[in-house]
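Please keep the sequence and the structure in view while reading.

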Amino acid sequence: MAADQAKDARQAELRASVISELPNVDFVLGYAKGFDPLHATPITVRSEKDAARLIFDATCVQNLTTGLYGLKGKRIGLVVKGCDSRSVVQLLQEKLVERSELVIFGMPCDGVLDLAKIRVRTDITQVRGAEVTGEEVRLLLPDGPKVLPRRDVLADKCLRCRYPNPIVSDHLIGQELTPQGAEDTYADLDGFEKLSPQERFDFWKRQMSRCIRCYACRNACPLCVCKHVCLADSRDPHWLSAEATLQEKWLFQVMHALHLAGRCTECGECQRSCPMGIPILLLKRKMNRELKELFNYEAGVDPEAVPPLHTFLMEEDKIKDRGQLW
Amino acid sequence: MVARFLATEALADIAAAWARDHRLLAPVREGAAVLYRPWAKDMHPFLGRPPTSSAKEALLPQTENLLTYTYRKDRDDLTRTEVFLAEPLPQEPTLVLGSRPCDARGRKLLDRVFLERGVKDPLYEARRKATLFVTVACERLENTCFCHWTGGGPMSEEGSDVLLFAVSGGFAAKAITEAGEQLLAPLPEVGPQVQEELAAKLASPVEPGPAPDLSKAPERFLKLFGDMDFWMDQSARCLSCGVCTYLCPTCSCFNITDENSGMKGKRLRTWDTCMSALYTLEGSGHNPRVSRAHRLRNRVGHKFCYHPQEFPAATAQPEFSCTGCGRCIKSCPVSVDIRSIVLDILEKGDKS
């Protein structure tokens, strides 16, 4: 099929491109097949043999810029989707990574799968095969094939994606795509925001009661760069107790959201990584909506821009109380 | 012994009856997860798939109070302070409903750590003695399941007090221990039709397929112990989060901290995770397990080398501190697969 051929050609181009850069980098971070047809897993590529394992398709969900800050000083090759490239831009803006230390293999991407959405539609614990076409996701299950409409099981961020093509890259692999998504109106938050504060808090209490404090959300976040001086781990000052109470769990999520205000590019890795399926991206979207309305700012889009909370104006256009205080 | 019949519609009633004498933990659906929760009225136990978290929390809670303390200053001599200690309350009898054979086998492996190292952990021991497992036998192996690699099986009885087999209309319940028999006493015996169905099930259990020979895993792991390139490559994708260790039915590492609040406080025991950068971080700031590579090596080594070395098995197949439940694979955000790490150890440890 034509789609298959295009995919194979793109994978071949990626592998060749990675091999051509191997002499110039310590290693390349890319994707390989995971333990079943719906899971890809990140790999480090150091040799041509490793490069032969590289894939790129709708199962390549992880954002490989996570942990990039910790690799400062090394020269790293990196396979990025459009959305992932926004994390790179944000890290560059904050001077947390050096552009000269990165070799970016940009992958125009028309969407990745949200396994949580697939799981509510069918049992994939024994999936034997998966094929993604323009319109469908065709699964091979033990009791036969199952076809799902592709749009139903794409990640939310893909449905509103305006940056299918990487914003920064050194090697653009395959054809650029035409952006389909419209301006983000954050309409999905409207229903939630209509609830009373008590109702919202009750919602979060229910959700957070599942949290096991594994900190996958934090560790999967490309912009969580405090490492083990994180407030969640600090004993002095002792912000959080070791008790697994709702209060500790919730305080961490609030801090996480606040620390990411104006920085979060909504890659969604926090929510995707949560083993308990807690919808924590909602908190970050809420912060971003506020940032958008106040400062008309979107994180990780312009490498030259200064994030609004990294600077200040004596007179902010939309913050009026300052004049009154004076 | 004839099995008892537990009709689907009688499940909530018998659970409620058990909950009168026990702290009953039953799996329920919450969002996308299936979690063990303390019994509550109108609860709907969900036995349809293995819970997201393991049943470990029944024996080793995520946090437990080791003691509470209160300081009191002597008003006449302020250099003198008295400290009063209070021990935690005794353990309630607990019943875990809807565990899986891999969960139940975890009991034995936790016992090794907390009861069989010369010193018994009194809190664990009390809880262990007071905890029963009503386990659901597995009908199928998920892509992440590998219980048969580590000595278990989808119908393994090990560690369970009752084993439930899905049959038409409900479950055939088989008592494994005397305590299990008492739990099942209120239930009717199975009729001839269900008896036949059960016999057929036991005669042709789900076939897990071939398992690799892991008997050389401990020695080959040691051969690769110093090969940091190997461990760097295995761990490059690891996020250092606690998903694998917290969901694991056998991971037993814990931390102890004092949580002060003014003149009083509690001493807590909390799950620890060797994936964390804080694990084994010493007071000096030095950490012998300084990188993700060192820490992932510790997790794999603990399960497939140090445990079998410390607790040698009587059989040719070593006892691993892994029950093959696959939770660490299934819930890992970056799909780290401990099976493939062990297979790589077997292959590469042979060459080096």
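In chain A, the C-alpha centres of domain 1 and domain 2 lie 24 Å apart, and the domain assignment places domain 1 of chain A at 1-181 and domain 2 of chain A at 183-317; such bounds come from an automatic or database domain assignment. The model is predicted, and local features need pLDDT of at least 70, side-chain atom pairs count only at pLDDT 80 or more, and totals for chains, interfaces and linings use all residues. Residues are numbered from 1 along each chain as its sequence is written, while chains are lettered from A and ligands numbered from 1 in the order in which they are written.

**Domains and their contacts**

Two residues are in contact if their C-beta atoms, placed from the backbone, lie within 7 Å. Chain B is also assigned two domains, domain 1 (1-58 + 82-210) and domain 2 (212-352), and the table sets out the values for each chain.

| Chain | Distance between domain centres (C-alpha atoms) | Residues in contact, domain 1 | Residues in contact, domain 2 |
|---|---|---|---|
| Chain A | 24 Å | 22 residues | 20 residues |
| Chain B | 26 Å | 24 residues | 22 residues |

Helices (H or I, at least four residues) and strands (E, at least two) are DSSP runs, numbered from the N terminus. On the side of domain 1 of chain A that touches domain 2 of chain A, the largest share, nine residues, comes from helix 3 of chain A. On the corresponding side of domain 1 of chain B, the largest share, eight residues, comes from helix 3 (residues 101-115) of chain B.

**A buried strand in chain A**

A residue is buried if 20 or more other C-beta atoms lie within 10 Å of its own, exposed if 12 or fewer, and partly exposed in between, with C-beta atoms placed from the backbone. Strand 3 (residues 76-81) of chain A is mostly covered, since six of its six residues are buried. A:Ile76, A:Leu78 and A:Val80 point one way from this strand, whereas A:Gly77, A:Val79 and A:Lys81 point the other way. In a regular strand the side chains alternate between the two faces of the sheet.

Strands are said to pair if DSSP finds at least two bridges between them. Strand 3 of chain A pairs in the parallel sense with strand 1 (residues 27-33) of chain A over three bridges, and six bridges join strand 3 of chain A to strand 4 (residues 102-107) of chain A, again in parallel. A:Ile76 stands opposite A:Phe27, and the bridge partner of A:Ile76 in strand 4 of chain A is A:Leu102.

**Where the chains meet, and the core**

Between the chains, 34 residues of chain A are in contact with 36 residues of chain B. Strand 2 (40-45) of chain A is among the elements on this side of chain A, and strand 2 gives the most to it, with four residues.

A nonpolar core is a set of buried Ala, Val, Leu, Ile, Met, Phe, Trp, Tyr and Cys residues joined through C-beta atoms within 7 Å. The largest such core has 63 residues, of which A:Ala216, A:Cys217, B:Val243, B:Phe304 and B:Val342 touch the most other members. Its largest share, five residues, comes from helix 10 of chain B. Not counting residues up to four places away in sequence, B:Val342 touches B:Leu214, B:Ala217, B:Val300 and B:Phe304.
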